[in-house]
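I opened my notebook on a structure that was new to me.

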Amino acid sequence: MAKYVVKRVLLAIVTVFVICAITFFAMNAIPGGPFESEKAPSPEVKAVLMERYNLDKPVMTQFVLYLKNLAHGDFGVSLKTGREISKTLLESFKVSAYLGGMAAFAALICGLILGSTAALMRNKWPDRLIVFFSTLATAVPSFVFATLLLLVFCIKLGWFPVFSTTQKNYVLPIISLAVYPTAYITRLTKTSMLDALGQDYVRTARAKGVSQLKVIFKHALRNALIPVITYFGPMLAYILTGSLVVENIFTIGGLGSKFVSSITNRDYPMIMATTIFLAVLMVIMNLISDLIYKLVDPRITFE
């Protein structure tokens, strides 16, 4: 186990480095710059700003300097606001973490319930209804669904405010983020449950007179969780950062909206920080999901 964890951590460091390098050089390869706009500063002021943020140096030198600062936990400051990016990330991630955590929890619970129901009532009307809506949910992008929710429940019906800082403003974004993962987990759970219910150990448990609920929850569902865990780790990392478009549609100041605005403003340090943050979070979630396999199914080895 320890050897596997060390190996994955080393691989994660390499992965994050590659992502960092690709993002940095691709970002600098795009024509233009952070100080080129309609209200661009004078050439003298621009030269001072370029020198202050090391943008006047060769790209490779900038990259080396950035890695040195990153090794000390310094993400730098925003080129537009002058604030420390680490503070901005922390404040924005609190919003995205709450939004994404609630959406992930709702998707997991609803997906497991719907998937198990569809498997236990196979070829009956509840199964067909669940399959229909799960297929529809996977086909509709989250930003389209979010726009429809905003149009119907905020503008037409007026049940939710368009602009608000209360908890009520999180309901529709959570639903928007949870719909697709719920549909995917539903399909995974149904397929895995059908496979588990057909195994010999389930037939043996039923032959011994084990209750239906115990067969479902102790034997079938536990083994059906393995593919769900495989998907849930990366899904949680994605949702926790908040959907970029959904956060902008509902005007929620999370990490996603900061990432979009940083791209629009060509705020290089903010782009790098959010990209690295997402990459690290994705790697950590993948590692945690792999380790949970062992708890769910002790037969799994890491050799």
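I call a residue buried under 20% relative accessible area, exposed over 50% and partly exposed in between, with a 1.4 Å probe and protein chains only. By that rule, 38% of the 303 residues in the protein are buried.

The model is predicted, so I note that local features need pLDDT of at least 70, side-chain atom pairs count only at pLDDT 80 or more, and totals for chains, interfaces and linings use all residues. Residues are numbered from 1 along each chain as its sequence is written, and side-chain values use heavy atoms, with hydrogens and water left out.

Next, the fold. I found 12 helices and 0 strands; these are DSSP runs numbered from the N terminus, helices being H or I with at least four residues and strands E with at least two.

Then I looked for salt bridges, meaning a side-chain nitrogen of Lys or Arg within 4 Å of a carboxyl oxygen of Asp or Glu. How many does the whole structure hold? The search gave 1. Lys190 pairs with Asp127, with 2.9 Å between the closest N and O atoms. Lys190 sits in helix 7 (residues 171-197) and Asp127 in helix 5 (residues 125-139), so the pair links distant parts of the chain, 63 residues apart. Both Lys190 and Asp127 are buried.

Back to helix 5, for Leu136. Is Leu136 buried or partly exposed? Leu136 counts as partly exposed because its relative accessibility is 42%.

Last, contacts, meaning heavy atoms within 4.5 Å. Of the contacts with a separation of 6 or more, 74% join residues 24 or more positions apart.
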